[in-house]
Amino acid sequence: MTVTTGSIRTVGSTQRVLMALTRKTIASQLLLVGWRRHRDGVSHTVIANWPKTHGFYTSHHGHYHPLLLTETIRQALALLSHTAYDIPLDHRLGWESFDTSLIPTALRTRSTRPLVRLTITHTEVPRRRFGSARLAAQVIATCNGEPLGIARVRYTAHPPAIYDRLRGDHADARAATARALPLGPALDPSLRGEQTSEDNAVLSPLSEPHRWQLRVDVANHAFFDHAHDHIPGLVFLEAAAQATHALSGARRTLPTHFDAEFARYVELDAPCWLEATPLQRRAPGIVSTRLTGRQNDSEVFSVRITASEYN
């Protein structure tokens, strides 16, 4: 098989992954090790090795952080957009929505690096004028052969000319990162969760209940392993996880479901205000929250999250 990018090579029926195809720049943040096509032409398997230790993903009391699956999916979709659907590397990718459910027992950390397999089926890959694309994918994940979770994702790809027009003065990633607001105070550990270090804290306290300012550390490689022109969606999901924990009163929480809508790009140089609404409990030990973010008087994202409580 000939690959025009020259970025992968065939190993049997499985092809190896070059880091650039996942949009990562730091080797320790790369999760994927291989991928292969299915005969149906719309499905692919992507293989990942999860780390034994990680400053963000393995700090949850014997469980991997659920957002490790989210980041694995993000890398996999970037990879497939370039290899399977011929989207050029200079196109800018962005998520419109993300809906995932996980099985908590499958998130247990292990003495060896677990093997994660994603079966990804793209249900929509429409091309638009001037080179943009809007894609939709369904994901089934296993960990060491056990069911791990499912996800549905909608995302876009824009060529530089269109993306630059959409983003205006914020299109330059290095300049936007340099303009990021200084870090505010971190929410107290008793509220954000003892498993969350200050380095990973994404909420700054306000004097109003259920409200915070988003705290964005552009030096945190789990969220920013390279310059970004806007705040990545993973930060909003973590904000929802920490807000849910703060409202639960439990000693530990483990998110099991995220349903997120990303309405606008969220800028690094303006404050983003967060408000959490507790939702009706489905069962004892299960807590749900809706977190919304507002910036410049507009709602920019919304996340509904469900988590299990542990005391």
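Colleague: Which residues lie nearest the centre of the largest pocket?
Modeller: This is a predicted model, and in it Leu 93, Gly 94, Trp 95, His 228 and His 230 lie nearest the centre of that pocket. The lining has 40 residues, each counted because it has an atom within 4 Å of a pocket point. Among the elements giving two or more residues to the lining are α1 (67-83), β5 (92-102) and α5 (233-248). The space in the pocket comes to about 1100 Å³.

Colleague: How do the lining residues divide into nonpolar, polar and charged?
Modeller: There are 20 nonpolar, 10 polar and 10 charged residues. Gly counts as polar and Trp as nonpolar by the rule used here.

Colleague: Now to the strands. What makes you say that β13 is largely enclosed?
Modeller: A residue is called buried when its relative accessible area is under 20%. Seven of the 10 residues of β13 (286-295) are buried, so the strand is largely enclosed by the rest of the structure.

Colleague: How do you know that β12 and β13 pair?
Modeller: Pairing needs at least two bridges. Seven bridges join β12 (273-279) to β13, so the pair meets the rule. The two run antiparallel, and Leu 279 stands opposite Ser 288. Six residues lie between these strands in their hairpin, where Gly 285 takes a positive phi near 85 degrees.

Colleague: And what makes β13 and β14 a pair?
Modeller: The same rule of at least two bridges applies: β13 and β14 (298-310) have 10 bridges, in the antiparallel sense. Arg 290 faces Arg 304 across them. Their hairpin has two residues between the strands, and Asn 296 in the turn has a positive phi of about 50 degrees.

Note on methods
Residues are numbered from 1 along each chain as its sequence is written. This is a predicted model: local features need pLDDT of at least 70, side-chain atom pairs count only at pLDDT 80 or more; totals for chains, interfaces and linings use all residues. Side-chain values use heavy atoms; hydrogens and water are left out. Buried means under 20% relative accessible area, exposed over 50%, partly exposed in between (1.4 Å probe, protein chains only). Helices (H or I, at least four residues) and strands (E, at least two) are DSSP runs, numbered from the N terminus. On a 1 Å grid over the protein atoms alone, a cavity is a set of points where a 1.4 Å probe fits but cannot get out, and a pocket is an open set with protein on both sides within 12 Å along at least five of seven lines; lining residues have an atom within 4 Å of a point. Grid points are joined across faces, edges and corners, and a volume is the space filled by probe spheres set on the points.
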